[in-house]
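Please open the model in a viewer and follow the selections below in order. Each stop gives a selection and then describes what is found there.

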Amino acid sequence: MAGIRLDNVTKRFGSVTALDRISVEIEDGEFFAVLGHPGAGKTTMLRTIVGLETPDEGDVYAAGERITDVYPGDRDIAIMFQNLALYPDKSVYNNLAFPLKQAKVPKQQIEQRVAEVARVLRIEPLLKRKPAKLSGGERQRVALGRAMVRDPRALLLDEPLSALDALLRLEMRAELKRLQRELGRTVVYVTHDQVEAMSMADRIAVLREGVLQQVDQPENIYHRPANRFVATVVGSPPMNFLHAEGAWSGGTLELRHPLFTVTTAEAASESLRGRLAEGQECLVGVRPEDVHVTSAPGIPATVYVTEPLGGETVVDLDLGGRLVKALVDPTLKLQENEAVQLALDGQRLHVFDAEGVGLLSAAGEPLFTVSAS
Amino acid sequence: MAEGPLSTPSEAAGRQAPRRSLLARWGRSEGAVAQTLITPGQLLLLFVILFPAIVAIYISFTGWTPQSGDPWYEAYRSWLWFDNYWEALSGNAFWAAVWRTIVVTVVAVTAEFLIGFGLALLLLKQFRGRGLLVVVFLLPMMVVPAVAGFIFYMLFQGDGPVNAALTWLLPGEVNIGWLTDPDIALFSVIIVDIWQWTPLMFLILLSGLVALPEDQMNAARILGAGWRHQFVHLVLPMMKPIILIALIIRAMETLKLFDAAWLMTQGGPGDATATMSVYLYRETFIGTRWGYSSAVAILVLIMVSMLAMRAIRPIEAAAEERVDDLVVAEERAEVSLEEAIEAEARAR
Amino acid sequence: MSDRLGWLRGIGKALIVTVVGVVFLFPLYWIVTMAFKPQEEWQPIDGVHWVPDDWTLENFKKIFGRATDTGFFEAAPTDATNAIVNSIVAATGGTILAMLVGTLTAYGIARYKAGGGFLPFQILQLRMFPPVAIVIPLLIMYAYLELVDTYWGLILIYGAVTFPFVVWLMRSFFQEVPREIAEAAIVDGCSQWGALFKAVLPQVRGGLAATALFVFILNWSDFLLALVLTSEQVETAPVFLNGLQSAGAGQEYGPQAALGLVLIIPPAILGLAIQRYLVRGLTFGAVKR
Amino acid sequence: MAEIRIQSLTKEFAGGVVAVKDLELEVPHGSFVALLGPSGCGKTTTMNMISGLERPTAGEIYFDGRPITRVAPGKRNVGFVFQNYAIFTHMTVYGNLAFGLKVRKDGRSKAERDAEVRRVAEIVGLSGSLERKAGVLSVNDMQKVALGRSMIVQPAIFLLDEPFSNLDAAFRAYMRTELKRIQHEMGQTMVYVTHDQVEAMSMADRIAVMNLGELQQYGSPDDVYNRPRNRFVAGFVGSTRMNFLPASLAPALAPEGRADKLTLGVRPEAIEIVAPGDARSTLDARVTLVEPLGAKDVVHLEVGGHDARVVGAPGRRPHVGDSVGLSFDPSRVHLFNDETDLAV
C-alpha cells in the first residue's frame, strides 16, 4: 500500500496520446522497470509520477495518499533525467547539497549527509570539481547522489545508463542493483534495453505507444509473454513466429503448419477450447535458443546465412519460405544453402492468436509435442 | 559499502506534503509566474506603441500645432477629418520620400549582399590572417551611425580625399559634387550604408557557410560533384533561410535610415536625400504642422507593419530552430519490427 | 589541381582582400588622423594631407573644455564633457531597464510560452517601426509627464526601443539550457522563481553579459531619439556632434573628429569583446554562430 | 570490383597526434573486411584516406595495383556510407539517389537514369517514399537512402563508417543480414568500420583489429576470436569481456613454471561452475552477484581478490556467497606475457 499507484492515468500532447489509461501498482522498496521502444511514453510516465506532467485523466497515489496535484518539490519523490541535468555552474558538493538547502536543512547536517552519500557512491574525491570535468560514469553517480540525498520515498531513473559505453554500463548495472537492495527504496527504472530490465528488475512493465502490455516478473515476461509485442521486446535475437492453423481432433488441439504439427496436451487443450476455433489462424512462437539443429530426422530447412558471435552463432534458416533464427553452438560449422533438420523444444513453445494475443506458453511444462508432418 | 539504509523505509514512506502559504503557492504555479514575468514587458509595449499610436491617430485628424495655444487634448477644436491624409497621399513630397527610401533600401541591401556573400565565399577556407581580417571587418559596424555620417561628410567634400584619390587614379581632374549634386547625393547616402553594414551581411553569411554540414559536402565530393555543382545543388538551397534573414534584417534597418543621411546632408541638397525618416523629421520640427506629420507617421506605421507581417516568419522559424519539447521527439516515426520482417520477405 | 593554379588563386585572393580592407579601413583612418590634425591641416589649400604633418592634442583639449588658446573665433562651444556624461548615463540606464524587463519576458516566453505564441512577434514588430514615426506622440506624452530633457525620459525610451533585442537574444540563450535543469530544481524543492534564479540564470551568465554590452552599444549609438527628446540639460554626445556640425557649417573638423573618435572607441572595444555574439544579436538570435 | 593494397600508410595531424602509424593491409578482390577498434584508434582516419577525404602524411594506397593516393575523392569511383548518413536533407529521396548519376554525366538518358533510380529504390526498400523530403524520414529510412545513393554509381569499392550504430537493435540485425547478402550477391569489395565486435564477427570475412593507430591483428573472425595475438585483441573481441587472472592462481596451466610473469585469459562461456572440491575444478571462487538474462545467466565471482564472470545455462543457478569451483576448458585458455602482452 505504501508504494506508488497510477489509477487510469491518461495524458495527451495535442493529437498524441502519450499515456492511455495506465493503471499500475508499484510496491514500496521494489525495483520496478518500465520497458519499451523510444516514444512508447516511458518518460511521460515518470514525469507524471514526479508531477512535472499533470494527467488529463486519472490519479497518482503515493503511500495511499492522492498526490495528482501536489507540487513536484513536495512529493518526496526524486527523478534522475536521462541527460542527468546536473547544475553545470555548481561543484559536485553544491549539486548534492542543493536539494537539502531548498529543504532548509541545517548546514552541519547537510555536510554530514552529503559526505554519507559521497562515500556510498565512491565520489568523495570529486566533491570540489565541476560536472564538466567528470567522466560519464562519475557524472552519472553524482546525478544519482543528488536524487538520493533527500532520502526520498522513491527514485525515478530515466535510462541512466544509456550515455555510458558498454563496459561501464556492465559495471553500473551491478552497482545500481546492489545499491537499491541496500537502500530498500522504491526505484522506477525506465529503459529501452531489455537486458537491463531483465537483469535488474523485480518486476517489469512493458509499454507500447502509451498502452501497458504486461506487468510481471522478468521470468514471466520472458517465458509467458502476454502478446507478440512483449515476446519480441525481450530476448535478442527476437522470437520467431510461424503461421499455423488450429485443428480439434477429439479433446486435443493440434496446430498445423505445412512442415510440422504441434499437438497440445489434454489439460492445456481444455483451456484453449473457446479461444481457438477449428481452422482458425494462429502463431507458433519459438525463441532462437529453442530451435535446435539435430542429426535425427526433424523439420526440413535450409541455411540462409550464419552470424558467428564467438560465444554462440546465430543461424538464419529458410523454413518453408519464412526466415527463422536459431542460436547454435559456435563449434557447429554450417554452409550456406545446406539442408538441415530442426527440432523445436516443446517445453518452450508459445501460441498466439492471429492478432498476436498470447493464448498459451509452455514455460518449461511439457504442454506441446512437435512432430514433422 | 553502506552499513544500513540511510533512514528506515517506513519512516520515509509516511511523510506527507507540507501546507504552503498563499505567496509560496503563487510562486509555484506556472501560470501565475508566467504572467508575472511578461507583465512588465507588456506595460513597456503599451507605453511605446499603444499610447503613442492612439495620440498620433487623434492628432492626425486635426490641424493642431504646438504653437496653437490650446493643450493637445483639445486638438479637436481644429478637427479636419481626413484632410491631412488626403494632403499627404495626393502630395508628391510624401511619395517622393517613399520612393527615395525604397531606392536606398533596394540598392544598398543588394550591394551589401553581393559584396558580403562574395567575400564570405572567398574567406571560407581557413587561412592565417582570417581571424584578424574578421576583426577589421567588425569595426565599421561598430561606428555610431551619426559619426559615420560626419566621416563621409569630410570624405565627400569637393576638395576632400575621395575626389583627390580619384584624381590620382583616373586621368584628368575629378570633382564630383558628392553632397552638392542632387543626382549623386542619394548615391552618397547609399555608399555610407554599404560601408557600414556590408560587414554584418558578410558575418551572417559567413556563419551560415561555416555551419553547412561538412559531411554532406564530403558525400557530394565522393559522388563526383565539382565545386560548381556543390554550390548550386547544396550551398545555395541550404543557405536560403539565412540569406532571407540577412536581407530582411538589413531591409528593416535601412527603411529607418536617418542618422547618417541627416549628419551628412540634412536631407539636402533640397530634398534629394530626404528619406522617409528625414522627411517626417523635417515636417515635424521645421514645418511644425504636427497634425499633418502625425498623419504621415500613421501611413508609415501602416505600410511598415504590413511588411513586418511577411518579414517576421523566417526570423521566427530560425529562432525557433531548437525542438525541445518532449512530445515531438517521441513522435519520430520508427519502423516497427513487423515492417522490417515484411521488407525482408519482399526483398528476397 | 596543379599547384601553380592554387598559388595564382592565393595571390588573387590576397589582392582582393587587401583592396577591400583598404576601402573599409580608410574612413576610420581618416577620422583618427583628423582628430590629431591642427586647424591649418583640416582643409589645407595645397591639397589633402594624407598623413598629418604634426600631431596635436588641441582638438581633444577643446572637446574636454581645457582648451589653451581660444584666440580664434569659435563657431559654437566645443566643450562636450557634459554631453559625453549624458550619453553614458542614458545608455547605461536604458540598458539596465531593457535587461531587467527583457530577461524576465524572455524566460516567460522560452519556458512557459507565456503571452501566447504572438507576443514575440509583437515585440519584434516594435523594432521594425521607424522611431521617427512615434516621435510626435512621444513628445506630447513626455511634455505632459514633464519628461522632456530629463535622464528618466531618455532611459525609458532607450529601454523600450532595445527591449526587443533583449527578449529575442535572451530567449535564444534560455533555449540552449536544457528544460530538465529548471525541472530538476523544481523537483529539488525550488519554486518557479527559485528554478529561474538559482538554476537557470547561472547557466546564461555569458549570454546576459553579451546581451547587456550589445544593448549598451545600441543605446550609445542612438541619435534621433536624443535629438528629439532632449535640449540642453541631457543632450547626448551624438546630438552635441550634430550641433557642432550644423552651427559651424561643419568647419570645426578637428574637434568634431576628436568627439567622433571618442564616440567610436567604446562600441569598438565592446563589439570586439562580444564578437561571437554580434551576429546572433543583430539577427535576434536567429543565427546562432 | 577492385582490390585495395595499403603500404606503410601514416597520418600525423598538426600538433603531432599520430592517428595512423605505417599501416600494412591487403583487401582482396570482392572480400568484406572490417576495421575494428575502440573510438580514436585510427579506423575512421584510415577510411578517410582510402576515400580521399584526407591525404596521408606518408605511404601509398593502390586500387588494383594503380596508386590513387593523390587522386581526388570524386575520381576514385568509391562508395562511402557515413555514420550519420550525410544524406541531402533538403532534397527528396529521389534527388538523393539520382545525385550520383546527375553529377557524373555518363551519357545516360533521363529515362535510363530514372529507371536506375527506381531499381535501386526497390532494392533498398524505398520505392514508397521517393517523393518525400529526405530530412523528415525515420532513422532507418535515412540509412537506406545513404546506402542506395552510394550503390547506384556501382562503385569499385564500398566503404561504410559504422553505418548501423544509430539504428534500433531489431532493425540493426536485419540490416546486417541484408548488407551481407547484397555484398555476397554482387561480389562487392567492402571495407566496414565499427567499434562493435559483434558486427565485425558476424559480417566480415576478415577483421583488422586496430588500437592507438596501429594494426593489432588481421585475420578471420575465428583467428581473432580463438587465437588472439595479444591481450588487447583478446580483451576487445567477444560479446562478454574475457577474464584476466594472474597465472600464479593456477600454475598448472602455465608452461615450466613461468607462471609469475604470465596472465591467464579465459572467456566467461569457456568456464563451467562445479562443486568446490570437484576434480575438474582448476581454482576456487566465491559468487558475488547473479544476473539472469533469460536465455542464460551472468555469474559474477571473486577469485583470490580478482573479479571474474561466468556465463552459464539458467539451470543450476548458484546463490550469492556460495563458494564454488571453476573448471576451465583447457583448449580455450590463453596465456599472455606480462611485459609484451603478446600471446604465449
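**A sheet in chain A**

Begin with the open sheet of five strands in chain A, whose order is β15-β19-β16-β17-β18 with antiparallel pairing. The model shown is a predicted one. Select β15 (291-294) and β18 (322-328) of chain A next: these are the edge strands, each pairing on one side only. On average, and with direction ignored, neighbouring strands of this sheet are turned by 50° against each other.

Now select strand β17 (residues 313-319) of chain A together with β18(A); the two pair in the antiparallel sense over seven bridges. Within this pair, A:L319 stands opposite A:R322 of β18(A).

**The nonpolar cores**

Which residues have the most contacts inside the largest nonpolar core? They are A:L156, A:V188, A:Y189, B:V147 and C:V166, in a core of 294 residues. Helix α6 (residues 151-175) of chain C supplies the largest share of this core, with 16 residues. Apart from this core lies another, of 106 residues, which includes D:L36, D:L126, D:V266 and D:I273.

Centre the view on A:L156. Leaving aside neighbours within four places in sequence, A:L156 is in contact with A:L46, A:I49, A:V50, A:I77, A:A78, A:I79, A:M80 and A:V188.

**A buried helix in chain B**

Select helix α7 (residues 145-155) of chain B. Eleven of its eleven residues are buried, so helix α7 of chain B is largely enclosed by the rest of the structure. The buried residues run through B:P145, B:A146, B:V147, B:A148, B:G149, B:F150, B:I151, B:F152, B:Y153, B:M154 and B:L155.

**Where chains B and C meet**

Display chains B and C together. Their contact takes 83 residues from chain B and 84 residues from chain C. On the side of chain C that touches chain B, helix α1 (residues 3-35) of chain C gives the most, with twelve residues. Coloured by class, that side of chain C divides into 57 nonpolar, 24 polar and three charged residues.

**The domains of chain D**

Finish with chain D, for which the domain assignment gives domain 1 (4-236) and domain 2 (243-337). Taken over C-alpha atoms, the centres of domain 1 and domain 2 of chain D are separated by 39 Å. The contact takes four residues from each of these two domains of chain D. On the side of domain 1 that touches domain 2, the residues are two nonpolar, one polar and one charged.

How values were computed
Residues are numbered from 1 along each chain as its sequence is written. Chains are lettered from A and ligands numbered from 1 in the order in which they are written. This is a predicted model: local features need pLDDT of at least 70, side-chain atom pairs count only at pLDDT 80 or more; totals for chains, interfaces and linings use all residues. A nonpolar core is a set of buried Ala, Val, Leu, Ile, Met, Phe, Trp, Tyr and Cys residues joined through C-beta atoms within 7 Å. A residue is buried if 20 or more other C-beta atoms lie within 10 Å of its own, exposed if 12 or fewer, and partly exposed in between; C-beta atoms are placed from the backbone. Helices (H or I, at least four residues) and strands (E, at least two) are DSSP runs, numbered from the N terminus. Two residues are in contact if their C-beta atoms, placed from the backbone, lie within 7 Å. Ala, Val, Leu, Ile, Met, Phe, Trp, Tyr, Cys and Pro count as nonpolar, Asp, Glu, Lys and Arg as charged, and the others, Gly among them, as polar. Domain bounds come from an automatic or database domain assignment. Two strands pair if DSSP finds at least two bridges between them. Axes are lines fitted to C-alpha atoms, for helices over the stretch in contact, and angles run from 0 to 180 degrees between N-to-C directions.
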